[in-house]
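Hi,

Here is the structure I promised to pass on.

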Amino acid sequence: MTAAAEGSPPLSLRRHRRNPLLQSEAAQGFALISPTFLYALVLLVVPILVVVAHSFWTQNYLTIDRTFTLENYRIALTEPIYRDLLVRSLWISLLVSFFTVVLAYPIAFYISFHGGRHKGLWLFLITIPFWTSYLLRVMSWKVILGYNGVLNSGLMGLGLISEPSTALLYNTSAVVITLTHAWAAFAILPIFVSLEKIDRSLIEAATDLGDGPLRRFLRITLPLSVPGIVSAILIVMIPTVGDFVTPKLVGGKDGVMIANAIQAQFGKGANWPLGAALSVTTMAVVTAMAAATVLIIRSAARMAR
Amino acid sequence: MTAIRNLLSRWLPAYAFVYIVFLYLPVVFLPIFSVNTSASPKFPLAGLTLQWYRDLPNTPALIDATRNSLMVGVSAALLSTILGICAARAITRYRFPGRRAINGLIMAPLVLPEIILAVSMLLVMLQLGLSLSLVTVVLGHVLVCIPYSLSVLTSGFEGFDRSLEEASADLGETAFGTFRRVTLPMVAPAIISSLLVSFTISLDEFIMAFFLTGTEPTLPIYIWGQLRFASKLPGVLALGTLLLVGSFLLLTIAEVLRRRAARRTQNTGGAFA
């Protein structure tokens with residue numbers, strides 16, 4: 001009795017103190033994150049809202065006419081040149097994310113399941129090329145794929161072709177190859193992380209129950225690594241649409257992408273509202289495409305299980 | 001079944017090898033053609049020379065661009081790491097409403113097309129009447145670097161045992177004293193690693209710099225200008241080789257420190273986990 005009586009005051013006191021303590025924990029956390037949060041708010045959210053606002057305005061020589069109009073969107077969506085560029089950009093980014101993920105998966109799988117003690121070293125080895133200058137990597141692909149390039153002279157040296165091929169550079173496939181290379185690490189890392197998280201005893205259980213390697217992979221490993229595949233696709237597909245360096249250096253006439261048009265509107269073209277409308281349209285369409293891809297993959301994974 | 005297993009165990013390492021070759025293919029040509037006497041990059045090499053490297057220090061525009069890039073890189077690394085520390089600490093240590101949403105917002109530049117980030121910042125800067133300069137480039141770079149800093153720092157802070165801090169507080173240290181004497185030494189490697197990673201990103205960042213730079217070019221802007229002239233290619237390749245070596249050294253240090261931090265806090269997750 002006495003012990004309980006003695007025990008209760010501090011307990012009730014603690015309960016009394018607990019609520020303000022919790023509040024202050026939330027307040028402290030919020031205060032601590034607020035500089036970073038404000039930075040993102042002021043330099044990310046506000047600018048994007050400004051772009052959205054501009055997309056409804058009109059360029060009037062050097063000034064901006066702020067009456068609401070949908071004219072920019074009409075141009076962005078119906079003008080054949082922008083429509084074609086947008087469709088081509090979406091197609092390229094779909095191809096790039098497909099190839100990047102398909103080529104990256106076996107590597108992530110190999111490192112996760114057969115990497116042994118050297119997993120860290122493998123990951124380091126894979127990330128190194130991506131820290132070299134992005135411009136120079138694109139330039140290097142130009143050197144490799146060019147008319148007098150490494151690949152052509154190599155193939156001629158081997159006697160496989162008699163004349164340098166012009167089919168390698170300045171087209172869509174050159175853009176796809178370069179971008180597939182550029183995004184490789186961004187696909188390998190998330191897939192690797194999701195493979196690492198798979199409980200290995202599940203695979204043992206499947207083996208014990210008589211599943212072979214292929215069934216085991218299709219019914220356990222692959223569905224459980226879907227989160228990694230999904231984040232790889234998001235991280236590759238959306239930024240790919242916004243690249244204008246690769247198309248400019250290796251794309252030639254057939255490889256021009258929507259980002260080149262956006263860049264032109266903010267540069268020489270100097271039609272900010274149209275550039276803004278193109279940006280918003282591109283963002284919206286690529287987000288929708290990424291969301292659709294993710295939904296398809298998720299439902300496919302559910303069916304496999 | 002054994003056939004498939006054999007196939008896997010034999011072909012997977014071979015595939016890994018081919019894939020690594022693919023990843024390194026564009027990288028190895030930089031140093032190779034940077035010592036070629038001829039300006040056009042093709043095999044066989046015309047001859048070996050270090051001429052292009054000797055020319056580099058005698059190019060004033062390059063020296064200026066390097067200085068600009070170093071200033072931008074150091075500022076961006078410091079700012080993004082400070083902002084990253086605040087966010088990573090708040091996310092790993094405190095629970096508060098909207099934590100996930102705020103984290104998502106801060107990480108968003110990682111999955112947004114960079115050109116859209118760049119043009120939207122450009123619009124705001126011009127609307128506010130700010131003239132474009134290295135400062136605006138730094139602001140853009142910090143936005144791009146924060147997600148990387150935050151990932152590195154969160155993984156450094158996560159495994160960190162909170163009871164150590166509680167013990168320190170119970171023993172009478174102030175909140176600041178605890179941070180300085182207990183928290184900071186544990187997380188220092190993650191902080192240095194975040195500094196190095198964001199510096200390296202800023203050093204190589206092109207798209208933000210392209211839109212937000214004024215009259216002072218950074219290194220990638222300088223390189224972009226040089227790429228138009230075929231005769232300038234060897235010099236650019238030599239410069240690229242030096243940058244490659246520099247980035248490699250910085251990132252090796254960052255990786256070693258990150259691993260040490262991970263070992264110290266018993267956290268085995270990678271930087272992107």
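**What I found**

In chain B, 80% of the contacts with a separation of 6 or more are between residues 24 or more positions apart. Keep in mind as you read that this is a predicted model.

Let's stay with chain B for a moment. Of the 273 residues in chain B, 46% are buried.

One helix to click on there is α10 of chain B, which covers residues 219–226. Is this helix mostly covered or mostly open? Mostly covered: six of its eight residues are buried. If you want to find them, look for B:Leu219, B:Pro220, B:Tyr222, B:Ile223, B:Trp224 and B:Gln226.

Now over to chain A. This chain is divided into domain 1 (18–46) and domain 2 (71–304). Between the C-alpha centres of these two domains there are 35 Å.

There is also a helix pair in chain A that I'd like you to see: α11 (residues 226–241) and α14 (residues 272–304). Their axes lie 10 Å apart, and the helices pack at an angle of about 160 degrees. Angles over 145 degrees count as roughly antiparallel, and α11(A) and α14(A) are therefore roughly antiparallel to each other. The crossing of α11(A) past α14(A) is right-handed. On the α11(A) side, the residues making the contact include A:Val226, A:Ile229, A:Ile233 and A:Met237; on the α14(A) side, they include A:Thr282, A:Val286, A:Ala290 and A:Arg298. Sorted by class, the contact of α11(A) with α14(A) has 13 nonpolar, three polar and one charged residues.

Last, the place where the two chains meet. How many residues does each chain bring to the contact? Chain A brings 72 residues and chain B brings 73. On the chain A side, the most comes from helix α1 (residues 2–54), with 20 residues. The residues of chain A that touch chain B divide into 52 nonpolar, 18 polar and two charged.

Cheers

Conventions. Residues numbered from 1 in each chain as written. Chains lettered and ligands numbered in written order. Predicted model: local features only at pLDDT ≥ 70, side-chain atom pairs only at ≥ 80, totals over all residues. Contact = placed C-beta atoms within 7 Å. Helix = DSSP H or I, 4+ residues; strand = E, 2+ residues; numbered from the N terminus. Nonpolar A, V, L, I, M, F, W, Y, C, P; charged D, E, K, R; others polar. Domains from an automatic or database assignment. Buried ≥ 20, exposed ≤ 12 C-beta atoms within 10 Å, placed from the backbone. Axes fitted to C-alpha atoms, helices over the stretch in contact; angles between N-to-C directions. Parallel < 35°, antiparallel > 145°, perpendicular 65-115°, else oblique. Left-handed = near helix turned anticlockwise from the far one by under 90°.
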